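This briefing covers a predicted model.

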Amino acid sequence: MESVTIKNVEKTFPNRDNKTFFTVFKDISLDIKEGEFVSLLGPSGCGKSTLLNIVAGLDKPTSGAAYVGETKISGPGSDRGVVFQEAALMPWLNVIENVMFALKKTMDKATAKKHAEKYLKLVHLSKFLHSYPHELSGGMKQRVAIARALSMDPKVLLMDEPFGALDEQTRMMLHKEVQFIWEQTKKTILFVTHNIRESILLSDRIVLMGTRPGGIIKIFPVDLPRPRIPSSPEFIQLEEDIMSILGGEIEKVMREEMGDDFNSKKASLLYGTDSNMGNHI
Ligand SMILES: Nc1ncnc2c1ncn2[C@@H]1O[C@H](COP(=O)(O)OP(=O)(O)OP(=O)(O)O)[C@@H](O)[C@H]1O
């Protein structure tokens with residue numbers, strides 16, 4: 001495990017005309033401690049994935065920099081493992097071969113196999129080593145993707161809405177799995193999510209991002225003992241505190257996207273931007 005530091009990071013992208021630029025966020029600074037579990041939460045388009053991609057080294061900041069420990073990030077590296085919403089497994093390889101694929105570049109086949117088996121055991125897939133991706137459920141595929149990322153023994157695990165495409169039951173199972181993995185491996189984890197409940201269940205701290213202009217609005221420490229109970233009064237209170245800020249941000253995005261068609265009452269009914277409604281944003 002290792003710390004992650006984000007220092008005065010700004011990101012602009014070109015507009016459609018390719019002549020002008022828009023700023024996704026600017027002046028973002030964040031220190032993530034060794035072994036800490038931090039979630040990035042915010043409305044669609046606020047730049048959560050962009051920030052994660054900068055830490056992954058898949059995207060470059062326009063200004064500022066990100067670091068793993070003392071090392072400035074200049075590209076992807078084996079010190080960071082990434083899990084995306086889609087597992088992106090190779091369909092012609094079975095489970096263990098998928099995990100071994102990248103490992104074989106840096107170690108002999110027998111060692112790669114041992115590593116792959118160890119991490120597939122950690123995600124409880126020992127019985128499925130020889131299954132092919134089309135034989136697996138969505139949740140199982142994501143567990144393979146997690147095992148693949150962990151098998152490189154990265155110092156930091158970056159997860160971009162890893163459970164966003166899964167049904168509620170599978171998602172709940174994988175929350176338990178991620179907590180188990182985090183406790184076993186003590187990895188530093190940066191986790192992008194839309195889901196308030198998910199962020200409270202898993203994180204040490206929740207970084208709430210806003211949009212137009214983008215940036216960090218507030219950081220919520222989650223001082224609740226684990227495993228966390230969503231029906232507990234403290235959990236519900238935190239959920240409401242976060243939603244009361246986030247609701248306004250979502251409304252801002254919708255107002256901009258819908259222009260004259262925006263209707264606040266209708267929006268809260270449709271999308272649950274009311275503080276009492278829906279925690280899945
Ligand atoms: N390569 C790119 N070129 C141009 N614009 C981009 C690029 N990548 C992202 N953007 C824009 O940057 C903004 C932030 O996108 P990003 O995907 O980081 O947001 P997000 O908070 O992760 O959104 P979501 O929750 O919907 O995934 C969006 O307006 C998006 O359209």
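A crossing of two helices is called right-handed if the near helix is turned clockwise from the far one by less than a right angle, and left-handed if anticlockwise. By that convention, the crossing of α4 and α5 is right-handed.

**Packing of α4 and α5**
- Helix α4 spans residues 138-151 and helix α5 spans residues 168-185; the two pack with their axes 10 Å apart and at an angle of about 15°.
- Because angles under 35 degrees count as roughly parallel, α4 is roughly parallel to α5.
- On the α4 side, the contact is made by Gly138, Gly139, Gln142, Arg143, Ile146 and Leu150.
- On the α5 side, Thr170, Met173, Leu174, Glu177, Ile181 and Thr185 make the contact.
- By class, the residues of this contact are five nonpolar, five polar and two charged.

**Overall dimensions**
- The protein chain contains eight helices and 10 strands.
- Its radius of gyration is 19 Å, close to the 19 Å that the globule rule gives for 281 residues, so the protein chain is as compact as a globular protein of that length.
- The C-alpha trace of the protein chain spans about 60 × 45 × 35 Å along its principal axes.

Terms used:
Residues are numbered from 1 along each chain as its sequence is written. This is a predicted model: local features need pLDDT of at least 70, side-chain atom pairs count only at pLDDT 80 or more; totals for chains, interfaces and linings use all residues. Axes are lines fitted to C-alpha atoms, for helices over the stretch in contact, and angles run from 0 to 180 degrees between N-to-C directions. Helices (H or I, at least four residues) and strands (E, at least two) are DSSP runs, numbered from the N terminus. Angles under 35 degrees count as roughly parallel, over 145 as roughly antiparallel, 65 to 115 as roughly perpendicular and the rest as oblique. Two residues are in contact if their C-beta atoms, placed from the backbone, lie within 7 Å. Ala, Val, Leu, Ile, Met, Phe, Trp, Tyr, Cys and Pro count as nonpolar, Asp, Glu, Lys and Arg as charged, and the others, Gly among them, as polar. The radius of gyration is taken over C-alpha atoms; the globule rule is 2.2 Å times the number of residues to the power 0.38.
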